[in-house]
Amino acid sequence: MNKKEDIKLPTISKDLLEALDKLFPENSPNLNWSEKECFWFGGQRNVIRFLQEQFKRQNETILHKE
């Protein structure tokens, strides 16, 4: 089984991140949300944060190669 660190992701574009950020914006939990909804929306946003970090790392790598 591969470790998460061993998996190489395809290049992540800024356009993709901006679109996903609009589709799944950062939101504080709403008091009307169920616990399940809090986990669901939190999980969606966690994926966006992960992709943003990967984008940052990819661009730092590109800058350091030049």
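This report describes the fold, surface, pockets and aromatic contact of a predicted model.

## Basis and overall fold

In this predicted model, local features need pLDDT of at least 70 and side-chain atom pairs count only at pLDDT 80 or more, while totals for chains, interfaces and linings use all residues. Residues are numbered from 1 along each chain as its sequence is written, and side-chain values use heavy atoms, with hydrogens and water left out.

The protein has two helices and zero strands (DSSP runs of H or I with at least four residues, and of E with at least two). Of its 66 residues, 11% are buried (under 20% relative accessible area with a 1.4 Å probe, protein chains only; exposed is over 50%, and partly exposed is in between).

## Second largest pocket

The second largest pocket holds about 200 Å³ of space. A pocket here is an open set of points on a 1 Å grid over the protein atoms alone, where a 1.4 Å probe fits, with protein on both sides within 12 Å along at least five of seven lines, and lining residues have an atom within 4 Å of a point. The volume is the space filled by probe spheres set on the points, which are joined across faces, edges and corners. Among the residues lining this pocket are Phe-24, Pro-25, Trp-33, Phe-41 and Arg-49.

## Aromatic pair

The whole structure contains one aromatic pair. Trp-33 and Phe-41 have ring centres 4.7 Å apart and planes at 35°, so the pair is tilted (centres within 6.5 Å, using the six-membered ring of Trp; planes under 30 degrees apart are stacked, over 60 edge-to-face and the rest tilted). Trp-33 is partly exposed at 23% relative accessibility, and Phe-41 is partly exposed at 33%.
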